[in-house]
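This report is meant for a reader meeting the structure for the first time. Please look through the sequence and the model below before reading on.

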Amino acid sequence: MHNQKKALVCGAGGFIGGHLVERLKKEGYWVRGVDIKQHEYRKTAADEFVQGDLRDQGLCRSITKDIHFDELYQLAADMGGAGYIFTGEHDAVVMHNSATINLNMAESAKETGIKKLFYSSSACIYPEHIQKEANNPGLKETDAYPAAPDSEYGWEKLFSERMFLSYARNFGLEVHIARFHNIFGPYGTWTGGREKAPAAMCRKVAEAADGGTIEVWGDGEQTRTFLYIDECLEGIRRLMESAVSGPVNIGSDELISINNLAKMAMEIAGKKISINHIPGPLGVRGRSSDNTYIQQALGWRPMSRLIDGMRVTYTWIAKQVGENGK
Ligand code: NAD
């Protein structure tokens with residue numbers, strides 16, 4: 001432990017945090033993970049896992065005080081797919097929980113002198129009115145202002161970006177911020193209402209019989225880009241090793257409609273299934289990542305193909321559903 005770099009990962013029981021812990025371990029870090037819950041789908045790779053509530057300032061102090069951490073990754077948030085964050089029913093809870101966690105962690109990082117902090121923001125901070133077309137040309141980092149996110153989840157992320165950057169300016173904290181665009185992969189939420197579109201499509205197709213029907217919200221022509229988890233981790237690590245503070249988009253620019261995403265899952269499964277369009281929460285009409293800035297800033301941008309990540313994800317979800325992947 002003495003010669004190892006030490007990292008604190010908040011949200012280590014979650015999808016990206018769980019993968020990040022694995023990645024840091026492979027790189028030789030000593031890792032403490034923190035989350036209000038254990039990882040749902042696998043045993044944590046962290047050297048130490050603290051189960052606790054990051055809304056509690058006392059907990060935030062205690063997990064940052066006893067060890068000098070080289071790096072802090074703040075990924076804990078009250079999160080969900082469109083079914084959770086776009087209905088409006090959870091607005092106050094989402095804002096309160098996530099803002100409290102972020103305020104607590106910024107303050108603890110300042111108090112204990114953690115030099116380097118990563119914060120996971122989101123593409124949900126971008127203004128709604130520039131995402132009205134399915135053929136979205138790609139959101140640039142500078143598009144964030146004048147601000148007009150379409151959800152309170154997005155407003156909270158924007159507030160916390162600014163809050164962490166103000167800690168950087170006033171207290172000398174080294175802050176790195178990424179705006180993730182729909183990250184997907186195995187070991188993530190795939191059922192229960194908080195799952196994102198790739199996982200939802202894989203599950204629906206895995207559960208459906210060949211020749212059956214699945215449901216898709218809206219007309220299915222809304223578009224998104226989806227980034228496979230391994231490239232998200234690569235982006236986080238490159239950003240942390242760079243002099244770039246951000247915010248930087250970490251997303252794919254391979255735009256696909258939800259109908260075509262469903263068809264991709266069907267193709268992988270080798271099933272013929274029809275789509276029944278039903279009303280549901282949709283979010284914006286079209287969203288893609290403009291990767292000019294990340295390429296410029298880091299000399300790297302995500303390049304993997306959606307189909308490759310979807311194959312791995314489908315296989316894992318089909319296994320969860322109890323199928324054999326066919
Ligand atoms: P996730 O929900 O799997 O992980 C978040 C974790 O935070 C969960 O394990 C949850 O238990 C934990 N958490 C919530 N409240 C807590 C509390 N009070 N105390 C301690 N832990 C608490 O989500 P994820 O997909 O892994 O996302 C990680 C981060 O990336 C989040 O900040 C999210 O907003 C951001 N993000 C994710 C995506 C994506 O596509 N997955 C896109 C944009 C931004």
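## Strands and their pairing

Two strands pair if DSSP finds at least two bridges between them, and strands (E, at least two residues) and helices (H or I, at least four) are DSSP runs numbered from the N terminus. The model is predicted, so that local features need pLDDT of at least 70 and side-chain atom pairs count only at pLDDT 80 or more, whereas totals for chains, interfaces and linings use all residues. Residues are numbered from 1 along each chain as its sequence is written, and side-chain values use heavy atoms, with hydrogens and water left out.

Strand E8 (residues 213-217) and strand E13 (residues 274-278) pair in the parallel sense over 5 bridges, and Ile-214 of E8 has Ile-275 as its bridge partner in E13. In a regular strand the side chains alternate between the two faces of the sheet.

## An enclosed helix

Helix H6 (residues 197-207) is largely enclosed by the rest of the structure, because 9 of its 11 residues are buried. Among these buried residues are Pro-198, Met-201, Arg-203 and Lys-204. The buried residues of H6 pack against strand E7 (183-184), E8, helix H8 (258-269) and helix H10 (306-321), where contact means heavy atoms within 4.5 Å.

## The nonpolar cores

A nonpolar core is a set of buried Ala, Val, Leu, Ile, Met, Phe, Trp, Tyr and Cys residues joined through side-chain atoms within 4.5 Å. The largest has 59 residues, of which Val-9, Ile-16, Tyr-73, Phe-180 and Ile-236 touch the most other members. Apart from it lies another core, of 26 residues, including Leu-8, Cys-10, Ile-63 and Ile-67.

## Around the ligand

The ligand is surrounded by 26 residues, and the closest are Ile-16, Asp-35, Asp-53, Tyr-153 and Ile-183; a residue is near the ligand if one of its heavy atoms lies within 4 Å of it. Polar contacts are pairs of N or O atoms within 3.5 Å; within protein, one must be able to donate a hydrogen and the other to accept it, and residues adjacent in sequence count only if both atoms are side-chain atoms. A backbone N or O atom of Phe-15 lies 2.8 Å from an oxygen atom of the ligand, and a polar side-chain atom of Lys-157 also lies 2.8 Å from a ligand oxygen atom.

Key:
Buried < 20%, exposed > 50% of the residue type's maximum accessible area, 1.4 Å probe, protein only.
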